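Have the structure open while you read.

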Amino acid sequence: MKTLPITKDASGNRATVECATGEVSVHKFCAFCEHCKGIKVGPRVYPAPQEQVQKEMKRGSASDEALMVAALQFNQLVRDGTAIECADDQSQGFRPRYRL
């Protein structure tokens with residue numbers, strides 16, 4: 001498990017990390033990557049909200065609304081966070097969390 005520090009711009013609107021594929025937006029890539037396992041906020045690491053929703057969807061007990069709530073929670077954690085916990089130990093880069 002890697003810890004990727006989040007780099008934010010002066011306005012706080014853009015958050016990036018250095019991925020195996022280069023510098024990527026946390027909001028556009030990490031939120032939808034299966035390697036993203038959590039967000040570090042202070043001394044604590046919070047699990048990625050999408051992980052739990054994805055498990056519930058596989059069991060058929062989650063709604064589309066749950067995905068939206070998970071995305072909003074993820075964005076809030078990133079706003080306050082300092083790093084992303086990434087399970088990409090083999091440096092494969094972005095792998096989509098959701099597949100059709």
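Keep in mind that this is a predicted model. Let's start with Y98, which sits in the segment after β7 (83-86). With a relative accessible area of 32%, Y98 is partly exposed.

| Residue | Relative accessible area | Class |
|---|---|---|
| F29 | 34% | partly exposed |
| F94 | 33% | partly exposed |
| Y98 | 32% | partly exposed |

Now for the rings. The model has 1 aromatic pair. It's F29 with F94: the ring centres are 5.6 Å apart and the planes stand at 90°, so this is an edge-to-face pair. F29 belongs to the loop between β4 (22-25) and β5 (36-41), while F94 is in the segment after β7, so the pair ties together parts 65 residues apart in sequence.

On to the inside. How many cavities of 30 Å³ or more are there? The count is 1. The largest cavity holds about 120 Å³ of space. Its lining involves 14 residues, and those nearest the centre are C19, V24, C30, C33 and C86. As for secondary structure, β3 (15-19) and β7 each give at least two residues to the lining of the largest cavity.

Definitions and conventions
Residues numbered from 1 in each chain as written. Predicted model: local features only at pLDDT ≥ 70, side-chain atom pairs only at ≥ 80, totals over all residues. Heavy atoms only, no water. Helix = DSSP H or I, 4+ residues; strand = E, 2+ residues; numbered from the N terminus. Buried < 20%, exposed > 50% of the residue type's maximum accessible area, 1.4 Å probe, protein only. Phe/Tyr/Trp six-rings, centres within 6.5 Å; stacked < 30°, edge-to-face > 60°. 1 Å grid on protein atoms, 1.4 Å probe; cavity = no way out; pocket = protein on both sides within 12 Å on 5 of 7 lines; lining within 4 Å. Points joined across faces, edges and corners; volume = space filled by probe spheres on them.
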